[in-house]
There are 2 protein chains.
Amino acid sequence: MQSKAVTLKQRPVGMPQKSDFDIIEVNVPEPVDGEIQVQNLSMSVDPYMRGRMVDRKSYVPPFQIGEVLSGGCIGRVVQSNHADFSVGDHVTSHHGWRESYTAGVENIERVGHIVADPSAYLGAIGMPGMTAYVGLLEVGALKEGETVFVSGAAGAVGSIVGQIAKLKGCRVIGSAGSQEKVDLLTSELGFDYAFNYKDGNILNHLRESAPDGLDVYFDNVGADHLQAAIMHMRPFGRIPLCGAIALYNDTEPRPGPNNLTMAIGLGLTLRGFIVSHFNHLAADFRRDMENWVTSGQINYKETIYNGIDQAPDAFIGLFTGANTGKMIVNF
Amino acid sequence: MQSKAVTLKQRPVGMPQKSDFDIIEVNVPEPVDGEIQVQNLSMSVDPYMRGRMVDRKSYVPPFQIGEVLSGGCIGRVVQSNHADFSVGDHVTSHHGWRESYTAGVENIERVGHIVADPSAYLGAIGMPGMTAYVGLLEVGALKEGETVFVSGAAGAVGSIVGQIAKLKGCRVIGSAGSQEKVDLLTSELGFDYAFNYKDGNILNHLRESAPDGLDVYFDNVGADHLQAAIMHMRPFGRIPLCGAIALYNDTEPRPGPNNLTMAIGLGLTLRGFIVSHFNHLAADFRRDMENWVTSGQINYKETIYNGIDQAPDAFIGLFTGANTGKMIVNF
């Protein structure tokens with residue numbers, strides 16, 4: 001059996017291009033003892049993958065040129081040679097960027113009963129949703145009634161951050177990159193205030209929307225968003241550092257915020273994290289998030305590209321603002 | 001009665017100059033009911049005072065032009081019209097930058113029995129010592145056996161940070177601005193490794209002295225020290241942000257570290273603080289530090305200027321590296 005798959009043809013310099021990727025045919029062997037064969041339903045593209053396209057030491061090793069890329073995906077078992085997996089089971093794994101695969105089960109997880117679209121297990125009920133959950137509640141130590149600002153608020157993580165903060169009785173401000181996204185945040189996702197960061201000054205928007213300052217700034221963006229937020233934090237404010245999408249395509253290191261010393265007098269905490277630092281909370285997260293999704297308290301948004309041929313475009317679209325909510329490639 | 005006192009003549013621009021200060025004579029009235037009169041023995045000059053010379057909103061209000069400056073001091077009561085204070089009592093207050101004063105007792109503290117030079121209660125057993133103690137143990141959450149780097153290691157705070165870390169069984173690395181200070185750190189204060197940051201590359205020194213990376217970086221300096229330390233932190237490392245003396249005389253905001261995004265994958269915490277955020281630990285601190293000083297486990301260093309006329313020079317010397325340990329003006 002054959003499957004289409006996406007390889008890294010060359011390392012992107014600056015903004016990734018379609019020509020940095022190749023679509024190839026790979027052989028999908030019959031599963032031997034202990035293996036299963038899976039047909040993917042959906043694959044994920046995520047900003048962190050940009051970092052893996054650079055040849056440097058990081059928290060995940062770099063992708064290799066010419067190899068099939070990897071990333072989150074959800075599929076169904078079509079053949080099983082492992083006692084714990086049955087044909088029809090939904091499974092998640094990192095064998096993304098391909099339509100089908102055969103593999104041992106070490107890093108494959110049975111999802112069990114699902115309460116939403118399978119793709120939601122790559123988004124709101126998956127890694128980005130859990131990133132929002134642990135980043136806001138654990139790293140950000142959010143308390144009821146506080147004021148929260150989240151950047152990239154219409155993205156896979158940001159849109160969940162804002163909705164969890166509303167569930168916790170907070171005032172929520174979000175920034176996004178288009179008027180359409182801004183409208184979505186306030187009309188459908190319950191944000192108290194949203195603005196297009198491309199129009200005017202971030203700090204002015206923060207001063208207008210949160211005159212008493214910010215208790216938590218959930219940083220998905222870095223750069224001038226971070227600097228403006230530091231300027232407007234309340235004493236003992238917390239800044240979960242989750243991502244810096246504004247910087248991911250930089251070819252040279254960019255200076256950091258010029259006002260970091262304000263953290264001293266204000267007693268601010270800036271704390272970086274990745275979701276796997278909090279794997280011990282996975283069961284709590286899934287229970288809470290499935291409840292919130294099925295009760296309609298969390299509204300998950302997806303931008304769907306169809307077919308693996310579209311996967312490079314979907315990935316590139318993460319950096320041009322093409323997605324609202326989770327960017328998904330369906331097969 | 002008359003007392004000499006120091007006023008701010010004009011706001012310094014960049015490095016403070018002697019001509020930014022005036023020495024005047026002020027009247028010290030007889031204490032009325034509820035007041036005491038104090039003759040200061042020693043006054044403190046501290047880097048944070050530079051911030052108060054700028055006219056901007058901060059965690060302490062700015063000094064006013066033409067007014068007598070204020071700051072930490074220790075003295076003895078010479079007249080008392082308050083039942084709780086007796087002639088001869090040692091008292092600390094913020095009525096520094098003058099030889100004598102008469103005041104109500106609201107912000108004056110009786111020191112009680114002292115176990116070291118009075119000036120030590122402005123240094124190792126005072127605000128800078130407590131800054132080191134809470135910054136390292138609370139903010140830095142230091143654990144036995146970890147590797148600690150402190151900048152400004154020969155200063156009032158840094159010299160105590162390093163010695164507390166050694167007491168806690170840690171490996172300690174320090175940077176300072178002269179060979180003489182570097183020698184003091186390793187020969188008298190027990191540092192495992194020290195270097196002159198003016199010679200060669202900070203990051204190279206860190207790689208050489210701590211090949212497995214840093215668990216805690218206690219930042220007194222900011223700028224390239226902070227950037228180099230971030231580059232060399234271990235996963236889940238902590239960076240107490242205590243000061244940024246390299247930046248205090250800047251006339252324009254300076255860019256921050258260009259590698260702050262490394263905090264994400266490494267799960268680093270950068271947390272600013274000032275000592276008054278931890279006033280609830282004052283009694284614990286005094287008990288521990290007096291024990292460490294009297295047992296010889298903590299060796300406190302002072303650089304002493306004599307006479308109030310020297311106070312501006314002592315203050316300016318903080319920014320030229322003139323002090324080893326606590327900078328003190330004795331009367």
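**Note on the predicted model: chains A and B**

1. Chain A is divided into two domains: domain 1 covers 2-123 + 300-330, and domain 2 covers 127-276.

2. How far apart are the centres of domain 1 and domain 2 of chain A? Taken over C-alpha atoms, the separation is 28 Å. The two domains do touch: 17 residues of domain 1 of chain A are in contact with 17 residues of domain 2 of chain A.

3. Look next at the side of domain 1 of chain A that touches domain 2. Two elements of chain A, α1 (48-52) and β15 (326-330), each supply at least two of its residues. By type, the residues on this side are 6 nonpolar, 8 polar and 3 charged.

4. Now take chain A as a whole. Its secondary structure comes to 9 helices and 15 strands. The radius of gyration of chain A is 20 Å, close to the 20 Å from the globule rule for 331 residues, so chain A is as compact as a globular protein of that length. Along the principal axes, the C-alpha atoms of chain A fill a box of roughly 60 × 45 × 35 Å.

5. Two further values describe the packing of chain A. Of its 331 residues, 51% are buried. Among contacts in chain A with a separation of 6 or more, 67% join residues 24 or more positions apart.

6. Turn to chain B and its helix α6 (residues 223-231). Is this helix mostly covered or mostly open? Mostly covered: 7 of the 9 residues of α6 are buried. They are B:Ala223, B:His225, B:Leu226, B:Gln227, B:Ala228, B:Ala229 and B:Ile230.

7. What do the buried residues of α6(B) pack against? The partners in chain B include four strands: β8 (147-150), β9 (171-176), β11 (214-218) and β12 (233-241). Two helices of chain B, α5 (202-209) and α7 (262-266), are partners as well.

8. One strand pair in chain B deserves a look. Strand β14 (residues 302-306) and strand β15 (residues 326-330) of chain B pair in the parallel sense, over 5 bridges. Which residue of β15(B) stands opposite B:Tyr305? It is B:Val329. Between β14(B) and β15(B), the chain passes through helix α9 (residues 311-317) of chain B. This β-α-β crossover is right-handed.

Conventions. Residues are numbered from 1 along each chain as its sequence is written. Chains are lettered from A and ligands numbered from 1 in the order in which they are written. This is a predicted model: local features need pLDDT of at least 70, side-chain atom pairs count only at pLDDT 80 or more; totals for chains, interfaces and linings use all residues. Two strands pair if DSSP finds at least two bridges between them. A crossover is right-handed if, with the strands pointing away from the viewer, the path from the first strand over the helix to the second runs clockwise. A residue is buried if 20 or more other C-beta atoms lie within 10 Å of its own, exposed if 12 or fewer, and partly exposed in between; C-beta atoms are placed from the backbone. Two residues are in contact if their C-beta atoms, placed from the backbone, lie within 7 Å. The radius of gyration is taken over C-alpha atoms; the globule rule is 2.2 Å times the number of residues to the power 0.38. Domain bounds come from an automatic or database domain assignment. Ala, Val, Leu, Ile, Met, Phe, Trp, Tyr, Cys and Pro count as nonpolar, Asp, Glu, Lys and Arg as charged, and the others, Gly among them, as polar.
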